[in-house]
Amino acid sequence: MLSSMNGNFPWSEMFDASCDASASRIYAIGFRAAQRVDDAVMVVLHGALADCTGLFPLVNSFDKFGATRDSLLIDLPGHGRSSPLNTFELQSLAAAVREVVQRSFGNREVVWVGESLGGVLGLLLATDMAAASRAVVLGDAPLGTRADSSVRAAYAYYKSMKINLNRTAINIATEVFGFDANTLDGPGFNFWPILQATPSRLPILAISGTLTGDPLSNLLASARLPRIFDADAAYYAKSLIGDRMLWKEILNGSHLVFREDPISSAEEITRFLQPLP
């Protein structure tokens, strides 16, 4: 899984970057590039109820385009092999990530790459660490009119499959998404202010798949959540922050497009980052 796309191993070192952060044990894997394209570190963040292992292929795929960077994959608190926090509020999750990044790579410049909720965390971190943030890449982040219904549909799917929700799933629903994980009742969430608060010089790339349709029906039929960030979301994002937001679609991808098509995702990210100073 960690081998390069062109047959050459792209890393001079892989290291355990796990550490105690914000009263939680955070699991992380660091990668030092054998030939890095520049000094920026790529920090890759997964979405809610997932873990970092499915994003290894994305990190490895940059070697195919000669764009490998020192990188960091993190299991968010309460996910994968990381222990939970006392609270799952976004600022608490972001604080834990920030501590891991700074312990692993100091104050080096960062490119934040986040799928789903990890993209929202990337926006928060890019604001909190403005001087050190080069760019943010969003993998179908939960922004736009489809976001709330899509997230609720995911929880409805877990219920329909009789999947028992753990503490993390319940707390993420309540503290991050603003509804009851069992009844699906509640006001919901609005992450647009987080995007709007990002530094005015910060370039942002939003990537989504092209799979559309009713979220719950798609999940029941194929276990694939359709895209959340659509054309309406892209246009509204541009109305908030202007042309520093770029939107790209990847054919046949769904909500988890980074995992489904890591090569096309890496190619779009490489094109986005190449002209940046």
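**Notebook: helices, sheet and a few single residues**

**Entry 1: helix α10 and the sheet.** I started with helix α10 (residues 262–273), which lies across β5, β7 (110–115), β8 (133–139), β9 and β10. I read its angle to β9 as about 160°. A reminder to myself: this is a predicted model.

Next I looked up the sheet itself. In what order do the strands of the open sheet come? I found 8 strands in the order β1-β4-β6-β5-β7-β8-β9-β10, with mixed pairing. At the edges sit β1 (11–16) and β10 (245–250), each of which pairs on one side only. From one strand to the next, the twist averages 15°. I also noted helix α8 (residues 231–241), which packs on the sheet and touches β9 (204–209) and β10. The direction of α8 makes about 165° with that of β10.

**Entry 2: strand pairs.** I picked out a few pairs to follow by eye. Strands β5 (residues 41–45) and β6 (residues 71–74) run parallel and are joined by 4 bridges. Here Met42 has Ser71 in β6 as its bridge partner. On to β8 and β9, which pair in the parallel sense over 4 bridges; Val137 is partnered there by Leu205 of β9. Between β9 and β10 I found 6 bridges, again in the parallel sense. One handy landmark is Gly209, whose bridge partner in β10 is Ile250.

Entry 3: Why is β9 described as largely enclosed by the rest of the structure? The reason is that 6 of the 6 residues of β9 are buried. I then checked the two faces. In a regular strand, side chains alternate between the two faces of the sheet. Ile204, Ala206 and Ser208 are on one side of β9 and Leu205, Ile207 and Gly209 on the other, and all are buried. Both faces of β9 are therefore covered.

**Entry 4: Ser150.** I found Ser150 in helix α4 (residues 147–160). Is Ser150 buried or exposed? Its relative accessibility is 0%, so Ser150 counts as buried. I wanted to know what its polar side chain does in there. A polar atom of the Ser150 side chain lies 2.8 Å from the backbone oxygen of Arg146. Leaving out residues up to four places away in sequence, Ser150 touches Pro215, Leu225 and Ile228.

**Entry 5: helix α5.** Which residues of helix α5 (residues 167–176) are buried? I listed Thr168, Ala169, Asn171, Ile172, Ala173 and Val176. These buried residues pack against α2 (90–105), α3 (117–128) and α4. At the start of α5, a side-chain oxygen of Asn166 comes within 3.2 Å of the backbone nitrogen of Thr168. After α5 comes Gly178, with a positive phi near 75°.

I stayed with Val176, which is in helix α5. Val176 has a relative accessible area of 7%, and since buried means under 20%, it counts as buried. Which residues does Val176 touch, not counting those up to four places away in sequence? My list reads Phe88, Leu90, Leu117, Asn171, Phe189 and Phe191. I also checked Val176 against Ala48: they are 128 residues apart in sequence, and their C-alpha atoms are 9.7 Å apart in space.

**Entry 6: two leucines with positive phi.** Leu49 has a positive phi of about 65° although it is not a glycine. I located Leu49 in the loop between β5 and α1 (56–61). At 30% relative accessibility, Leu49 counts as partly exposed. The other leucine is Leu184, where phi is near 65°, also a positive value in a residue other than glycine. Leu184 sits in the loop between α5 and α6 (192–196).

**Entry 7: the whole chain.** To finish, I stepped back. I counted 10 helices and 10 strands in the protein chain. The C-alpha trace spans about 50 × 40 × 35 Å along its principal axes. Does the radius of gyration agree or disagree with that of a compact globule? With 277 residues, such a globule would come near 19 Å, and the chain has 17 Å, which agrees. Buried residues make up 56% of the 277 residues. Of the contacts with a separation of 6 or more, 74% are between residues 24 or more positions apart. The chain exposes about 11200 Å², with carbon and sulfur atoms supplying 50% of it.

Conventions. Residues are numbered from 1 along each chain as its sequence is written. This is a predicted model: local features need pLDDT of at least 70, side-chain atom pairs count only at pLDDT 80 or more; totals for chains, interfaces and linings use all residues. Side-chain values use heavy atoms; hydrogens and water are left out. Two strands pair if DSSP finds at least two bridges between them. Axes are lines fitted to C-alpha atoms, for helices over the stretch in contact, and angles run from 0 to 180 degrees between N-to-C directions. Contact means heavy atoms within 4.5 Å. Buried means under 20% relative accessible area, exposed over 50%, partly exposed in between (1.4 Å probe, protein chains only). A polar contact is a pair of N or O atoms within 3.5 Å; within protein, one must be able to donate a hydrogen and the other to accept it, and residues adjacent in sequence count only if both atoms are side-chain atoms. The radius of gyration is taken over C-alpha atoms; the globule rule is 2.2 Å times the number of residues to the power 0.38. Accessible areas come from the Shrake-Rupley method with a 1.4 Å probe; for residues, only the protein chains shown count as cover.
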